[in-house]
Structures are given as C-alpha cells and as structure tokens.
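Visitor: Please take a close look at the aromatic rings of this structure. I would like to know what lies around them and how they pair.

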Amino acid sequence: MPETVVQQVTQLLSEQNMVGRSIKPRKDLQILKGAASYTDDLKLPDMVYAAFLRSPYAHAKIRSIDTTRARELPGVVYVLTGRETAKQLVYWMQKPGMRTPERLSLATDKVRFVGEPIVAIAAVSRAVAEDAIEIVDIEYESLPVVVDAEKSLGHPGNALLYEEWGDNVLFHDEHRSPNTDEEFQRADMVVKERLVSNRYSPTPMETRAIIASYDRNEESLLIYASTQFPHVLRTFLSQTLDFAENKIRVVAPKVGGGFGIKSAVFQDEVSTVILSMKLGRPVKWVEDRKEHLLIAGHERQQVHYVEGAFKKDGTLLAVRDKAIVDFGSSGTFWTEVQPAMLTVASIPGPYRLRSYDFDLWCVVTNKAPCGPHRGFGRPVAAYVTERIMDIGARKLGLDPVEIRLRNMLEPNELPWTTPIGVVYDTGNYQDVLKRALKLSQYEQLKKEKENARSKGRFLGIGIATYVEYTAPASSRLQGPLGWAVGGWESCRLTADPSGKVTAHLGMAGQGQAHETVFAQVISDALGVKFEDIIVNEGDTMYSPYGFGAWASRGTVTTGGACIKASRKMKDKVLLIAAHLLKEAPEDLEIRDSLIFSKKDPRHKTISFKEVADVSLRLSSKLPPGMEPGLDLISFYEPDSPTTCSYATHLSVVEVDPDTGSVKLVKYVIVDDSGVLVNPLTAHGQVHGSLAHGIGGAMLEELVYTEEGQLASSTFVDYLLPTADFMPEVIVDSIEIPSLTLGGFKGLGEGAAIPTAAAITNAIDDALSSFGAKFVELPAKPEVVLSLMRNSPMPG
C-alpha cells in the first residue's frame, strides 16, 4: 500500500467533522450576482398574467357584478367571478370549538375586508389585466364595520361578519391550574397590566408568486410557487380543486424569504390555478407590495389583561392572562387559530411557574385574515411575560437580572412540563443569561447609564428571555392542536457509479442554506466528501413527501432524516466493502470517501466510488442475495414531543428627551440552538431574525381607520429597519444537545421572539426617572414622547 494512502488515513482520523464548521453557503454568490431564478423570473410559452379586483369596502354585500366592458378590452383573455366558479378552501385543522368560516376562492355575495378578491382577470400583460380591473362595475351595499377586537368581542352591534354565528368569536379556549387562586391569595404583590401588541407584516423580499400551467392533453397541473411547503400545496390544491394529486407537480424555485406567510395559501393563488384550468395555458400572478401589506401575514395584534403574583423576594407564584386576539376576517390555511394558541402556550417562559390560567378569545374583525408570521405568536408571549417580570422587579426594588435568575429553571429540573403540558427538554437558561451579562459588560453598562443620566442623557438596558418549542411531533400537532399534519421529514439518498451522492429532501428552503448545511450533516453521517454531495429540494416530482420549513423545524427534522438515510446507505456500503475486502463490516470505517480497515489501514482500503460502481455497474460482485443500487429513503420524527430552543437578549438604547426617538446602541444575544451545523449561517439567521423583531418592535404597524381602510399600505407609511438603523450586534451560542438525532434545535425564528420585550424594557429603564411604563407596541417616537410628557418630570 503506498505511503500516501497510509498518510491519508492517518490524517482523516484526526480531522474535524464537517458539522460545526463555518462554511460559506454554496449558492450565495449566484444570488448576489442576480443569477438565481425566482418564480417571477420564469416565462412559459403562451403565458398570460392575472390581476385581481379587490374589495374597496371593509364590509359589504355584493349586489351585482358587470364584467362586460372588461371582457371587451383588447388583450383580456378571461374574466373570472366567484359566481361562475368559487371553490371552498379546505381546512386541515379541526380544533373542537374552532369555527370554520367560509373561505371562497373569490367572494360571491359578501366581502369582509378591504382587499378581498372578487374578480380575477387574465390578460396578455399585467398592465392590461389591471386596466380591465378598473372597468368592472360592481354594486355594493355597505354594512357596519368593526375594527376593534375588544368591541367586536363585547359589543359588535350589527357588525357581525358571519350572521349565522350570532357573535364574532372565532375560537375560545381556557385553562385553569388547580392552585392559581390560592397562589394569588398568598402573594405579597400582584402586578396587573393591559399590554397591547401591534399588527404587522412579514414583508419578505420576494412577495407571494405563482405560475399555474394546466395541460389539457395530459390533464395535469404544473405549479411554480414561492412557497414554504411544495408537497402541502400540492395536497391542498388537490383537495380544494378535486383534482388528482398525482397529476399535480409543484416546484418551488428560489424563494426570497418565507417568514411564515408562504406557509399559507390565499384565495388569489387558488384563483390563478382556476384561471389556468379554464384557459388551458400558463397564468402568472405576482403579488405587488401594496397587495402584500393589504392582505398577507397580518399577525401579532393582541390585547392582554395579565396579572402576575409575586413574593417579596421576587418569586413568581402564578399568572393569569386574558388574551383578546384580532384575527381579521378569519385565520388562514393551514395554521388557523394557532398563532394565538402558541402565544398562551408560551407565556410561562423559562420560569418555574406552576400555576397559570388563561382565557383566550380569538375574534373576527373587518381586517385582512391573520396569517403565520415569523415567531408565530411567541413574540407577543415574550413581550407579555418579560414586561411583567420587569415591572415586578421595579415594584419590588430588584434588579431585572435578579428576579429572572430567582425564577429560572435549573438544568437538573429538566425535562420540565409547563402548566399546560409543553415539555422543555434540555438546556441551561441561567447560563445564557449570565453569558449575555458578561458579553455586554453589564455592570459597566449600569455605571455608564448613571453617568449619562447625570449629563442629561437617557440610556437604558433591557433584558428579555424566552423558550421556543420547535419541531413539534405528530402527537402534539395532531393531538392538542387538532391538525392533520405530521411532525416528520424525509430524505432520499442516491449514489451514482462515480461515487457522487445526491440528497432529495421533502423540505424546501427559503434562504437557509439547506444545500450547504445538510451536505455537512450527510458528509459526517455517511463519511463522503462534502464536495461530492449535492442537495436538491423543492420539486414534488423528485422529492419524497415533506411538510416544509416552518416552526424552526428544518435542521431538527430534515437533519435527522439525513442522518438516518446516511446510516442506511453507510450500512449497505460497509457490507459491500466488507465482502470485497474480506473484512467484518464492523471493522471498517468511512472517512472522506475512503473505506478502510480500522485494524489494517495499510492493506485494506477501497474507495466509496469503487463500492458505488460495484453496487450499480458491476453488480455481479455484490454479496449473494443483495439487491443492486444505493438508493435509500428515510423519514425522521423526534421522539420528544417538543425540542426547545431559548436565548437571552440584552439591548442598550438611548432615548432623545426632545423627540422621543430611540437609538439602539448595542444588542447582545446568547442562545442555545443545540449542535450548530454551520455557525456562520446560523448566526446569519439570528441577525436577520433580529432585524425582523426590531422592525416590529419600533417601526412596523398596519394601521386601520374606523372604516376598515388600511392607512399604511406602502413603504412610505409602513417603515422597515434599514442597515443604518441596526445597532452593534454581538451573538454567542452555547451548544447543549437536544434529545433528537444529531442533537439539533430550532433556530430561524428565535431572535425575533424577545426583541420587543428587550427593547421596551430598555426604554422603561431609560425613562425610569420619569416613572414611565411602556404598555403598547410599537415603540414609535410619538409614543415614547407621550410617555415622557405625561409622567412626572425627572428629579
């Protein structure tokens, strides 16, 4: 055996694994150069373009629709109304007590929010379609409007969205712990607050987009869509349109951010498909930005009447919460009322809370539907819990750090089951808090704050924590949530005669560097060179079934599936190699695409390529009875019902007393997302998620008038954080493995969860001498200035 082979084996045994390395994403340069293909970049032969006539009224009956002039406009090829064809969008969630209001692909007799689609027009260009929209004549009869969820719950008057209900309650749920009342009676202090969270939008760089192409000869549908769940979209369309699922192919090209909203399906997307089926030709629809702000992904608008019972030493004894959640006209497929359910489920946070009652009211109003949005209800929970902890600390004269450390669960108390049954698996909540304090130089910051105060400057420090259960198992999804959804994901691995490996994933990404991260996972689990592995996803024709990237579940579920599939392939490869080398399989190892004997690496080696070639082209050399090929599939679901990530955020702000403007000075994040496959991409997601959270905490708000008109429907009125708005950001991680295969935990949403709490706690701290108390998001300058002016002057 050549000495170079011995040296290679020796080097392989000492090399670091691929998991844990910061490797630049493979396709970033392509995206940066503008060479990537998104749905709107695709042009199919004979394609036409769709536009929608949307309701200008928040609540009205449709008396008549006259499309004569639109049909006669040159370039118009089809005008579709709901009265011709309206499909009921299916529900996958059947939660006892949850109402399932009618959701038609196009409104027929009544509209319930501004922007609801009524007419779909296909034309030779988008411009012609929009011109045709302008000459459709519709007669409306306006109805009473309700835009305030509390009024809608208590005194809706005649503003009933669904008259047959008799009220505007979409869903009601409650929980009572056995000792809550007793704990409140023995409390030394009770904090009572009304806390309000704002409605805002996901705003991905790429808006929703779909191309539908119906082939009449094949009776098949080809769908290109900017979606987070290609397989789910295919099943949904099959059910909604009563169309054979195996005749539908869904392809997700590059997707410019999902942020939750692309794990929903709206009426306009379904209507685009119907147009294609009517015409027998491709139809494209791309949401413009105004449409996105008008209808897509409205979430977070909640009012909480919360009470926290404390002992003098800061021990949190119990929490009561009444949550009123504004769902607009309804929920959306497929999450329905889950954002609100996740809010009340997440209130306990990382604390040793044994007694917790909630009263949850999901209410409909004349606004756009409530859809999934990055963080999915948890940012409101963190805001409520962490504001109560800070307010409690102030009233008790405790440092915000002290009250948290006193109540945080210890590692030896895990697994811990919260009062409503959520299991916290592994972690060290106190450690991430202490690390954040050290990284930020907390004690020094407090001195700087006092020094600045003496000079008339108002600095503040805010701390917030959270626990996010990610990658929920089927038992939780199908049990407490009443959801016809599996908690597993899939990976199909194939090897060709040249020894190259291809992974086909059931999941599809939206910029999380799946093609890099999962190649790293497979490289370690299989022992094949990283550069010899490619990862494909997003095409239902080639990929196994999967439920998509949402709930920070990607690395946990798909990573586990990649490991299982790799182990299956590795076992077969070792059996073949053992037969060829005349060695026992357990005495062989694979590293860097080289198989060698652990006992005799000098004389017993064979390449992965040689084994792959034998498995296919030279199959007569296979062990007796073994089938040819290296083509395997695995499905993985965590054994634990939940896999929990968590973090501590620390923000430093400076408030201008003359204008109320808030400057973010520094932001520190320490998280635990389990084993980090690629710290570079992981921390990149943290930065992006933080920007999302900052926008919602300080700038973004979907404002409705009393008439139900959206007053912030462009980026002139709806503000987003820009690069110069972002503070200095310091990110660190600890890695406590989860109980899942690979030890991974979720990551993608985390940094958006406690952001509003950390920032508002910092604002309160900056304004502590004013006696100000922040209770309503977002933290806009006029709100902060009002707090200062309506509070006692600093002493």
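Guide:
**Aromatic rings, close up**

Arg26 lies over the face of Phe530, at 4.2 Å from the ring centre. Likewise, Arg208 sits over the face of Phe266, at 4.5 Å from the ring centre. A charge sits over a ring if NZ of Lys or CZ of Arg is within 6 Å of the ring centre and within 35 degrees of the ring normal.

This is a predicted model, where local features need pLDDT of at least 70, side-chain atom pairs count only at pLDDT 80 or more, and totals for chains, interfaces and linings use all residues. Residues are numbered from 1 along each chain as its sequence is written, and side-chain values use heavy atoms, with hydrogens and water left out.

Next, the pairs. Rings of Phe, Tyr and Trp (its six-membered ring) pair if their centres lie within 6.5 Å; planes under 30 degrees apart count as stacked, over 60 as edge-to-face and the rest as tilted. The count by this rule is 21 aromatic pairs. In one of them, Tyr429 and Tyr646 have ring centres 4.6 Å apart and planes at 80 degrees, so the pair is edge-to-face. This pair links distant parts of the chain, 217 residues apart: Tyr429 is in helix 13 and Tyr646 in strand 26. Helices (H or I, at least four residues) and strands (E, at least two) are DSSP runs, numbered from the N terminus. Tyr429 is buried, at a relative accessible area of 1%; buried means under 20%, exposed over 50%, partly exposed in between (1.4 Å probe, protein chains only). Tyr646 also counts as buried, at 1%.
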